[in-house]
Amino acid sequence: MKIYITKFAKYQPSPENPAEQPKLEYVDALFRRRLSQLTRMTIEAVHGLIGENGENLGLKLVFASFRGEIARQLKINKGLVEDADVMPASFSISVFNTPAAATTIALKMKAGYTAIYPSENNFSSALLAAATPILCGSEKKVIFAYADEKIPEEYKGLPGYNEDSPLAFACLLSCEKSDSAVELSLDSENLAGLCKSPAFFMDSILASLADG
């Protein structure tokens with residue numbers, strides 16, 4: 001079975017302000033006020049994919065991130081070290097699936113979600129996991145979203161630290177080809193080239209969609 005990417009949306013802060021966050025004016029103010037940069041970017045990217053008319057609201061969401069709610073996790077760790085305590089409310093919005101859960105709540109998506117951690121920074125494993133429901137025939141379309149926020153300054157100098165720019169995108173995976181759709185080859189060699197990084201994947205797909 002062939003897989004196609006038929007639609008794509010992204011959110012990326014400006015290079016001058018990597019901590020920039022989308023305003024999410026379409027989300028309830030009380031709900032959005034405590035959301036992290038990561039969660040806000042995820043909501044914005046998926047909202048851009050779905051569109052104002054709510055098309056594709058009934059699709060399942062697969063979310064992937066390398067670092068998750070890293071800024072909130074750091075804040076909790078500091079609280080444990082300094083006060084030997086953590087607030088339940090803070091913990092509840094620091095878990096890995098927070099961006100996916102908050103996105104389905106904010107956008108009223110009721111088909112369910114999956115949150116995936118790509119081990120060893122292997123982005124292709126997340127993409128394959130998102131495509132699996134289509135490959136096995138249980139779904140015809142799936143929304144695949146990726147996001148990683150700005151890494152806190154405290155992590156500089158630690159092994160594995162990098163300064164990748166914050167980024168979020170969402171794409172519509174489908175078994176049905178449409179005009180200008182990009183065919184996604186899932187063989188290991190092609191995936192290794194396409195999934196060098198989430199940013200490389202995004203730029204490659206956007207270029208192909210534009211050419212189509």
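Helices here are DSSP runs of H or I with at least four residues, numbered from the N terminus. The model is predicted.

Start by selecting residues 37-50, helix H2.

Now colour H2 by accessibility, with buried meaning under 20% relative accessible area. H2 is mostly covered, with 12 of its 14 residues buried. Among them are Leu38, Met41, Ile43, Val46, Leu49 and Ile50, and also Arg40 and His47. To see what they pack against, show S1, helix H1 (29-32), strand S2 (61-64), helix H5 (98-106), S4 and S5.

Step past the end of H2 to Gly51, which follows the helix and has a positive phi, near 90 degrees.

Next, select residues 198-211, helix H8. H8 has 14 residues and reaches 20 Å from first C-alpha to last, close to the 20 Å expected.

Which residues of H8 are buried? Show Pro198, Phe201, Met202, Ile205 and Leu209. Looking down the axis of H8, you find these buried residues within an arc of 95 degrees, so they line one face of the helix. An α-helix has 3.6 residues a turn, so residues three or four places apart point the same way. Turn to the other side of H8, where Ala210 and Asp211 are exposed.

Methods:
Residues numbered from 1 in each chain as written. Predicted model: local features only at pLDDT ≥ 70, side-chain atom pairs only at ≥ 80, totals over all residues. Heavy atoms only, no water. Helix = DSSP H or I, 4+ residues; strand = E, 2+ residues; numbered from the N terminus. Expected span 1.5 Å × (residues − 1). Buried < 20%, exposed > 50% of the residue type's maximum accessible area, 1.4 Å probe, protein only. Arc of directions from axis to C-beta. Contact = heavy atoms within 4.5 Å.
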